[in-house]
Amino acid sequence: MRPFTPLLALALCALPFAAAPAGAAARHAIAMHGEPALPANFAHLPYANPDAPKGGTINHAVQGTFDSLNPLIIQGSGARGILDLLYGNNVFETLMMRSYDEPFTLYPLLAETIDTDEARTYAEFTLDARARFSDGQPVTPEDVIFTFELLRDKGFPRYATTVNKLASMEKVGERGVRFTFETPDRELPLILGLMPVLPKHTIDAATFDKSTLAPMTGSGPYRIATVRPGELLELERNPDYWGKDIPSKRGFDNFDTIRLTYFRDENAMFEAFKKGLIDVFPEGSSTRWTSDYDFPAVASGAVAKDVFDSGLPSGMYGFVMNTRRPVFEDRAARRALAGLFDFEWANQNLFNGVYTRTKSYWDGSELGSHGVPASAAEEALLAPFPDAVDPAILTGEWAPPVSDGTGRDRGFLRQAFEALKAAGYDMKDRRMVSPDGQPFAFEIMLKANGGQELALAWQRTLASLGIEASIRSVDAAQYQQRLLTRDYDVILASYSASLSPGVEQVGRWGSASKDAQGSWNFAGVAEPAVDALIEALLQARERGDFIEAVRALDRTLLSGAYVVPLYHQGEQWVGRWTRIAHGGKVPLYGYQLPTWWRVAD
């Protein structure tokens, strides 16, 4: 939910949003901010090769298991590859299709056009007359409305959150479906565009929320062919796929067969890749990437180590300090603690030097504030909150302290010690004490043993200044319970980031979420400046205004020192047998497996 604002109050007093205003017209695409990059007559998405050969099989490895072919419900473990960000929407399709070469823009898929107004009080989609489910039946407005109601009532809670923002859903003409919103919402037309559509004529609504291994009917390019629960899912191309010639899909879906083999252990997945049983291996381990790709197929050139650069933001991975605890109430003390993680030592000794220190919540993208002085527009947004941003962060000159990597850098420790002294802390009997004489001590809570090496590294450095950080590893159930009740001092968390941050920022940092059970506001942030900047980014209509608001929020969060920034992987790594090929153009979001193809034998 968005925070209540005076602007929103005015909107709620307005007349119902019944009719489209003069000048509104259906368009082929919609962007969150500004205009879509591609014209209505675009030939294909820029990162897809329309001449890619069709045929063959691609073998993927998936960690985990599955016991259901319905990925839209809570019950069961849904199989990957049916409706999937990595492997593609192979069985179920959405109203529109995202271009991963733009921050947040949708192009035609099941719907050929979208119509909305300037305030975005409604969205009307017109279905492509050619759109068909795999059994040959047309996709209709009735299917769309049925699906949205079904997912609202029996799907994942996120679907109900979206559909409950609608005042009405109605069929318009033969192929149109119109959604009228309870309140204006900039993002909602795009979220609706990414909702899947199911065939009303094959779905039993009464049992939809029960996991099933019966293959479901979709409108996508593949049909489910082979199912071995927990072991294998095989998808075969539908030769009659309705959308193979539409511009959005040219160069996609190039394999005759997609085979997803499930493994419980990541090492077993890698061994299968080395043997040639798996074709591509997205790599997340720095140790493996630097040390384990020395097998014969790499030396012979049969396996390539692909490195992809993208414009994706880093997100934030770090130790989160719970400001609800008295020990973390002082922002100056939190800043000093954040400067006491010896990244240079950890990167070299734990990760073979391959990671990049994170300096922004949107590091590596146009949304990040690091190294960029605040613009006049940012300063105007921050003017009502003169103490919200540290001067060095405002000018773009701030960076985390850098050590010499030895683990014994006295200058590195001295910076933090001086910062703590300035905040009223002092050293007594080799222990750091607060201004009221209490020992500076806290607990780092870990889920099982995840992140233990990082916690030990930070603990060792803190101990050099007499700060006592104990480490407690708890099982998953206890961890979740303590997370819900906010019963922790410090946790290790990862905040994902996109090029179009939106209402999820309220749940992470907004005052409204501080005491909301289950929210992601782990740090207990409740700052007027943060609330105002989240509202500014939600209300922005042009991309430039949006970037200014996000950068100002970034500066405010960094200045609040709620998280000890750790590191991120600056590149995307993929091991690939060269019988699988991909185009030269890497889109803004990085490599896209649905556009890859098999090289002819």
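Modeller: Strands of a sheet pair through backbone hydrogen bonds, either parallel or antiparallel. Here, 4 strands form an open sheet in the order β5-β6-β8-β7, with antiparallel pairing. A strand is a DSSP run of E with at least two residues, numbered from the N terminus, and two strands pair if DSSP finds at least two bridges between them. This is a predicted model: local features need pLDDT of at least 70, side-chain atom pairs count only at pLDDT 80 or more, and totals for chains, interfaces and linings use all residues. Residues are numbered from 1 along each chain as its sequence is written, and side-chain values use heavy atoms, leaving out hydrogens and water.

Biologist: How is a pair of aromatic rings described?

Modeller: One gives the distance of the centres and the angle of the planes. Rings of Phe, Tyr and Trp (its six-membered ring) pair if their centres lie within 6.5 Å; planes under 30 degrees apart count as stacked, over 60 as edge-to-face and the rest as tilted. The structure holds 36 aromatic pairs. For Phe308 and Trp596, the centres are 6.2 Å apart and the planes at 40°, so this pair is tilted.

Biologist: How many residues apart are Phe308 and Trp596?

Modeller: They are 288 residues apart, with Phe308 in strand β13 (residues 303–308) and Trp596 in the loop between β24 (580–581) and β25 (597–598).
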